[in-house]
Amino acid sequence: MIFTDAIFFAFLAVVFAAHWLLRGREVRLGVLLVASLVFYGWWNWKLLGLLGLVVVLSWLTAKLAAQRPAGDRVRRRILIAGIGGNLLVLAAFKYAGFFAESARAALAAFGIEAGWPLLNIILPMGISFYVFQAISYIVDVARGQLPAEQRLRRVALYIAFFPQLVAGPIVRAASFFPQMERDRRLTGALLASGARAFLLGLVYKAGIADHLAPFVDPIFGDARIVGDSAVSEATSLALIGATMAFGALIYFDFAGYSLMAIGVARWFGYYIPKNFDYPYSAISLQDFWRRWHISLSSWLRDYLYIPLGGNRGGAMKTSRNLMATMVLGGLWHGAAWTFVVWGAMHGAGLIVNRLFRRPLGWALGLILTQVFVLLTWVPFRAESFGDVLEVWWAFTGLRGGGTMGITPGIFAVAGIVALDALVGRKARRLKPLRDPLLYWIGLGVLVAAILALYPLEAAPFVYFQF
Amino acid sequence: MNFLVLIVMAAALLLAHVLRLSRTGVRVRHLIVFSLTIVLAAGVIRFFAAEAGLERRSPYDGFLADAIARMDADPAPVVAFIGASYSRNALDDRRLTAALKGAGRDMLAVNLSLEGASLQERTEHLRRLLDRAPRAPAIVFFEIAPEFDADPVYVFQVAKFSDRAINQFAPVQTFRALQSLAAGACAGMAACVQSAGLTLAHGGMDALNIGLLYASSARRPAEVRPSYDPQDAPREDVDAARRAAGLADRPAPFEGAPPGWASAERARQFAMVKAAGGEVGVYFPPVIEPDKRAYIAGLCETVFADLPCIAPGDPALLSALDGPVWYDARHLMREGADTFTDWLAGRLDAALP
């Protein structure tokens, strides 16, 4: 069940009605918790147990740690065990196969045949997101930003809240728990602001991102549709077009999901922070990471980079911390070396960015940043390093060969990306319409456009695989 | 990416960013304006999509592309076959062409059958053939099967809420489907209500263009491939005794007439072919079930007495098919298809002027 499925709209209608028709804070929280478990179980009910394990582990860790005084050694051990347990769940389900396979390949390079079997572990949807939320809860409690929650169901709802359960935004415990204690009322303003975020997300996802996949998948490969990649058969122009299309796709897909999550949460009276702020208008790599997947980059900053030492201790240590954070951030996205390379490239880029702080000017900064970001999408999307090198080679203009083309019109997608950033940033300063008729006419045109663009075969969100 | 899709995308993006109202509260007239605007905007999008040649796609487009490539390569008069899975599995159009040419009849046979294609869908298939083919077929043969004549919304059995299904329910077709359901073309109240509900839903989806621009523009073009779909292994066990009994059975020809709506739909198909300067005929591939064979046998004697009408009742054909040549009780495997195709070539040679 994904946000663009017809079944999701039916599910949402039922949960919305139940939530607002029933009275009492506890009852409403119960409705949301049950809905969240149904939402997750819809995909694979057997993995509800794993979600439950993460919830119980985090609840117990915070509860036990809170019983000990701050600075106490046992408290510290409890917290480490809780965070370690969560990371172990993530490692077992997401990385065990990857590390086993990498070790096998490394041993094979020395002529040693590994004796262990191939691991084929199912990747539970959203595990990277909900484990990070669980860690956020434990750490926020440990830091004293939040009291330990005695009620298991509160912790369960925080970790499993269905709008952002499977692909974020990663919500901080310190921001979410107080919201659960508020009494809420359904108002026109609440509905309107939710609808606004949801509709924009729907345009991003169903109106734009899903239209770009057919230009990306045939080149880079998509096991669901065409199987292996066709990078070697594609013309250089096709490779550049497909890379640009992927850059746009991943933005509109993930930002679309995040906006829909924000909209749905708002309909239930919850505020989830924004996850994207027009990253393709960034004029430096630091700027880019302040605008791209904000909830993850700020999580990595607060729970990894700063605890590692942050930018304290000189240029070398700062560079080390940056690189470690970005490599782990890359690995968070997927168990593959291509993601590690993607993270390392961004780490290196951020180090260079910090070392040469002289302003480049708006235009040069924008061009250099966006070209770098575009080139780094290649390892993020490509199936192998051979494909990565071939696509990069195509960007030099020196690569010949290949006959598989691409619709030249795909390059117009750059215009859509630019339009989004230009209008989106300006729209914040626009005054709302005073004439309701004008508004409803505009909304009618918008809905007709979304319906015409709407894919009947809903494609899953890209970030669901992470 | 199509220019129209880009414009609609940009418009949606723009509106989604800027639309905000200074106060909340909804009045009835706002909802009326909102609804009317959707309908009007959908009409505008539909108009420009048609102008840009954007249509919903189905596997049929791939079959048609294959047929057109063959028509481009061979200037012979075309004999087209429009049907469903019976014909997809049974009619090898390349083999048929060779057999016809071998018999001294320079014709190009093209199979344009798609599994589960209802009569309404076949009308759309015919329209696309006549619109896109380099020349109109000299003759079009339509497959006749009782279950398709009995159910105006057969497509719901194979492709609910798909581009294929939605494409069949333009307002006129929706009205005709509802009319035929009201006239009894469904079994029992529950089935009728369900079919009517699905018809209205699909009609609404068509009217609002749901998925039109995605279906017609964003997705990869249909794979170019022949409609003929040879099978080499059975998908269900066909009991030898049941097969022999079914093929040997010679029930009396069907004595009734097809339902009125089916006759009307077929009349529209015939008129389209004739308007393009072609002739029409009807046929049905062999099946083990005797009643289905009896249906077309009866219609050949009555309704289609004046047309080339090829019913698979020939005892020699049926006895040749009494072997492990069946994919299931209704569809032939490659070996059976070869037998039928060769037999059909002889029948066509005799039936055509």
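User: What makes the radius of gyration of chain A agree with a compact globule?

Analyst: The rule for a globule is 2.2 Å times the number of residues to the power 0.38, with the radius taken over C-alpha atoms. For 466 residues that gives a value near 23 Å, and chain A has 23 Å, so the two agree. Bear in mind that this is a predicted model, where local features need pLDDT of at least 70, side-chain atom pairs count only at pLDDT 80 or more, and totals for chains, interfaces and linings use all residues. Residues are numbered from 1 along each chain as its sequence is written, while chains are lettered from A and ligands numbered from 1 in the order in which they are written.

User: How many residues of chain A count as buried, as a percentage?

Analyst: 44% of the 466. Buried takes 20 or more other C-beta atoms within 10 Å of the residue's own, those atoms being placed from the backbone (12 or fewer is exposed, in between is partly exposed).

User: Why are H9(A) and H16(A) called roughly parallel?

Analyst: Their axes cross at roughly 30°. Angles under 35 degrees count as roughly parallel (over 145 is roughly antiparallel, 65 to 115 roughly perpendicular, the rest oblique), so H9(A) and H16(A) get that label.

User: Which residues make that contact?

Analyst: Met244(A), Ala245(A) and Ala248(A) from H9(A) meet Val413(A), Ala414(A), Ile416(A) and Val417(A) from H16(A); contact means C-beta atoms, placed from the backbone, within 7 Å.

Notes
Axes are lines fitted to C-alpha atoms, for helices over the stretch in contact, and angles run from 0 to 180 degrees between N-to-C directions. Helices (H or I, at least four residues) and strands (E, at least two) are DSSP runs, numbered from the N terminus. Two residues are in contact if their C-beta atoms, placed from the backbone, lie within 7 Å.
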